[in-house]
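Visitor: I would like to learn how to read a protein model feature by feature. Could you take me through one slowly, giving the general idea before the particular case?

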Amino acid sequence: MDKMEPNDEWDEFDWEQVMRQSDLYAHKYMALFKDYGEVSGADEHIMDQLKEFQLPGMDEDDFDFEIESEPFDPIEMNTPAYFYERDKSYLLLRQVSIGWCNIFSTLLIEHDRAYGVKIIFHLGRALAYYQGALSDGQYELPASFISAGKRALQNLNIALGLIEDLGSENKRYLTITTAMRGHLRQVHDAMVDHLTKLRSEKK
């Protein structure tokens, strides 16, 4: 795919093309990490293999970042840039995602861990895309937010299916998976409502 630079003239199809590239990048990374993650020099090899999947404007420097040592300033979070941080469904999805990471690390038996990683992957993708769909709450050009919302919903549905299958296959997880599915259905409904709103505002 040719490198494309986002602009205000892009429609849903244009954004879909880039987001498909993002999905390919994430899936390729996961496959390479599975094969080479524990090999010496894995990071350099993986990033070299991913060059053809890079998104518009993605440079090596984009992967050089530092973890903020200071917590978010509550006053700063009231700015439009942190609009998504005040959305109840986004916060619920993040809470469930963190909860699943805890379940993965403490409760899953070894046989189910590969399955658990798939759930983490799709919850993470849903969370990232939902953040993009909610964004700053302005939505003056809704095409990108609609595309991100559709991707968030797709990944959430995949995660829901995987969680349901896990509970069905192994009854020891059934209570946990039933509770998580209940929370994720609430997020699902909120995502659908958000997409409906964006569709009504689309110019």
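**Reading the helices**

Guide: Let us start with the length of a helix: helix 6 has 28 residues and reaches 40 Å from its first C-alpha to its last, close to the 40 Å expected at 1.5 Å a residue. Please keep in mind throughout that this is a predicted model.

Visitor: What does the overall pattern of the protein look like, read along the sequence?

Guide: Along the sequence the pattern reads α-α-α-α-α-α, and the protein accordingly has six helices and zero strands. Of its 203 residues, 39% are buried.

Visitor: How far apart are the end C-alpha atoms of helix 3?

Guide: The end C-alpha atoms of helix 3, which runs over residues 88-106, are 27 Å apart, and this agrees with the span that its 19 residues should have at 1.5 Å a residue.

Visitor: Which residues of helix 3 are buried?

Guide: A residue is called buried when its relative accessible area is under 20%. In helix 3 the buried residues are Ser 89, Tyr 90, Leu 92, Leu 93, Val 96, Ser 97, Trp 100, Ile 103 and Phe 104. They cover an arc of only 160 degrees around the axis, and therefore they lie on the same side of helix 3. The face turned away from that buried side carries the exposed residues Lys 88, Gln 95 and Thr 106.

Visitor: What covers the buried residues of helix 3?

Guide: The cover includes helix 4 (113-134), helix 5 (143-169) and helix 6 (174-201).

**Reading the core**

Visitor: Which residues touch the most other members of the largest nonpolar core?

Guide: The general idea is that, in soluble globular proteins, nonpolar side chains tend to be buried together. Here the largest nonpolar core holds 37 residues, and those touching the most other members are Leu 93, Trp 100, Tyr 130, Leu 156, Leu 184 and Met 191. Helix 3, helix 4, helix 5 and helix 6 each supply at least two residues of this core, while helix 5 gives the most, with 11 residues.

Visitor: With which residues is Met 191 in contact, leaving aside its neighbours within four places in sequence?

Guide: Once those neighbours are set aside, Met 191 is in contact with Leu 93, Ala 126, Tyr 130, Ala 152, Leu 153 and Leu 156. For the protein as a whole, if we take the contacts with a separation of 6 or more, 73% of them join residues 24 or more positions apart.

Visitor: Where does Ser 147 lie, and how far is it in space from Asp 11, C-alpha to C-alpha?

Guide: Ser 147 lies in helix 5, and it counts as buried because its relative accessibility is 0%. Although Ser 147 and Asp 11 are 136 residues apart in sequence, their C-alpha atoms are 9.4 Å apart in space.

**Reading charged pairs**

Visitor: How many salt bridges does the count come to?

Guide: In general, side chains of opposite charge can pair when their charged atoms come close. In this model the count comes to two salt bridges. In one of them, Glu 85 pairs with Arg 94, with the closest N and O atoms 3.0 Å apart; Glu 85 counts as buried at 7% relative accessibility, whereas Arg 94 is partly exposed at 26%.

Arg 181 also forms a salt bridge, with Glu 164, and there the closest N and O atoms are 3.8 Å apart. That pair links distant parts of the chain, since Arg 181 is in helix 6 and Glu 164 in helix 5, 17 residues apart. Arg 181 counts as buried at 15% relative accessibility, and Glu 164 is partly exposed, with a relative accessible area of 37%.

How values were computed. Residues numbered from 1 in each chain as written. Predicted model: local features only at pLDDT ≥ 70, side-chain atom pairs only at ≥ 80, totals over all residues. Heavy atoms only, no water. Helix = DSSP H or I, 4+ residues; strand = E, 2+ residues; numbered from the N terminus. Expected span 1.5 Å × (residues − 1). Buried < 20%, exposed > 50% of the residue type's maximum accessible area, 1.4 Å probe, protein only. Arc of directions from axis to C-beta. Contact = heavy atoms within 4.5 Å. Salt bridge = Lys/Arg side-chain N within 4 Å of Asp/Glu carboxyl O. Core = buried A, V, L, I, M, F, W, Y, C linked by side-chain atoms within 4.5 Å.
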